[in-house]
Protein chains: 2
Amino acid sequence: MARKTKAEAEQTRHRIITCSRQVFSRAGVTNTSLEEIAHEAGVTRGAVYWHFKNKADLFLAVRAETGRLLKLERTGPGDALQRLERGLLVALRRLEDDAEARASYEVMLWKCEYVGEFSAVRDDLMGAGAAFLADASHLYQEAKTAKLLPLWLEPEVAALETLCFYAGLLKIWLADPTGKLCRSQAAAAITQHVRSRRAGTLRSASAKRS
Amino acid sequence: MARKTKAEAEQTRHRIITCSRQVFSRAGVTNTSLEEIAHEAGVTRGAVYWHFKNKADLFLAVRAETGRLLKLERTGPGDALQRLERGLLVALRRLEDDAEARASYEVMLWKCEYVGEFSAVRDDLMGAGAAFLADASHLYQEAKTAKLLPLWLEPEVAALETLCFYAGLLKIWLADPTGKLCRSQAAAAITQHVRSRRAGTLRSASAKRS
DNA sequence: ACCTTTACATACATGTCTGTATGTAAAACT
DNA sequence: AGTTTTACATACAGACATGTATGTAAAGGT
């Protein structure tokens, strides 16, 4: 077989990653052989082993290519709670629109066993969680300073609560393809989650954006 | 080898389940062979195949033996929100105290790929989630009737939010053995989660139990 | 134009796991 | 007491995945 150009090689590499995600989400990470992935990508295992050390390395690449779903803007339009809500809603929308991201997270949350080398991905996931915690804490702190929050609310605890809420929402949302349990009300849950933090009943239906 | 009495047989069956949980939590479900489980339990694969159809069946038994962590009391002492909080805290405490339950949930949430026959366990998990949703909705409805909640809060959405929060807390808690990220503040997060629902700032530090 | 490296395909050797079939001795039943 | 069933242990055959070793033809550099 003719040797491929660098661009073509990079293309194959990307194709292998994409196909991996697909097969992983069908059969689970451990149950898929590199042979299946290679077949799906129209290559042989030789190609897979050329681009990746082993299956764990490949899975890492899938994770890396997907990146984080949730990112908060520490500064920007609207008050801190509005920015928080927006971040959560944007993440949800990406989950709905981006089929590849959806598949990636389905694999990471439901179709993978975090053991041995694979623990690296879980650690990365938890690292993302820690980063979110920092950002959310910052936003809650800002909101507290702006007197948007009840006095007794501790920003760091609130951030942890939001992290847990989001993590659980993601996991349940992915396992609820009929939408009966969670998907239909996911956005409402996010809105209400943020709203239930606003101090007192001062704010009623006003959610104006600046 | 001498045939065992019924009681002894039941004992081996239970031992196989317990050892499965242990090995699963070490190596992940897919990566553990029935041979390993049998060895750990001091029997051969013959015994495992006698008691269980296959690995999925065995995993189902582990799940069944563990049962649910979270149960809400629709009636009982305290108002609806207090009962909700108590349910959440009791579940957290069991997670801390009951090593077997902890291992089971670690396996179910981090060490298993829900594919093929294993999907049954995920469906069961989601069924438990749906049951929780029903109970929590009931409690929130009761709380709303008792004017404990802000007027705009919808009981069903609030229940979903609590379900997500709890699911995420469970998952993150299990992946945070150092305690830095989540474990140290888990109870506080639960308390604050429930508290942030109470209407206005009417209730400050009073959390009296009747 | 030559040489080296690349980007794979092919072939192989090995280990491992699964399911089933068969053996067996004692428990449990009649 | 005799027969049947139970609760395993043992043995076997087949499938499959992995990692590596080797081949190869063209790309890319000089």
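Helices (H or I, at least four residues) and strands (E, at least two) are DSSP runs, numbered from the N terminus. The structure described here is a predicted model, so to speak a computed picture, in which local features need pLDDT of at least 70, side-chain atom pairs count only at pLDDT 80 or more, and totals for chains, interfaces and linings use all residues. Residues are numbered from 1 along each chain as its sequence is written, chains are lettered from A and ligands numbered from 1 in the order in which they are written, and side-chain values use heavy atoms, with hydrogens and water left out.

Chain A comes first. Taken along the principal axes, the C-alpha atoms of chain A fill a box of roughly 70 × 35 × 35 Å.

How are the two chains related? The same surface serves both copies, as 100% of the contact residues of chain A recur in chain B.

Now for the interface. Here 47 residues of chain A are in contact with 48 residues of chain B, where contact means heavy atoms within 4.5 Å. Together the chains bury about 4,500 Å², and 67% of that is on carbon and sulfur atoms; buried area is the accessible area (1.4 Å probe) that two parts lose on being put together, summed over both. On the chain A side, the elements giving two or more residues include helix 1 (6-27), helix 7 (119-145) and helix 8 (155-174). Helix 8 of chain A gives the most, with 13 residues. By type, this side of chain A splits into 27 nonpolar, 10 polar and 10 charged residues (Ala, Val, Leu, Ile, Met, Phe, Trp, Tyr, Cys and Pro count as nonpolar, Asp, Glu, Lys and Arg as charged, and the others, Gly among them, as polar).

The strands meet here too. Strand 1 of chain A pairs with strand 1 (residues 111-113) of chain B in the antiparallel sense, over 3 bridges; two strands pair if DSSP finds at least two bridges between them. In this pairing, A:E113 stands opposite B:K111.

What about charged pairs? Between chain A and chain B the rule finds 0 salt bridges, a salt bridge being a side-chain nitrogen of Lys or Arg within 4 Å of a carboxyl oxygen of Asp or Glu. Over all chains, though, the search turns up 24 salt bridges. One of them joins the side chains of A:E40 and A:R26 (3.2 Å, N to O). A:E40 sits in helix 2 (residues 34-41) of chain A and A:R26 in helix 1, 14 residues apart. Lastly, B:N54 lies in the loop between helix 3 (45-51) and helix 4 (55-66) of chain B.
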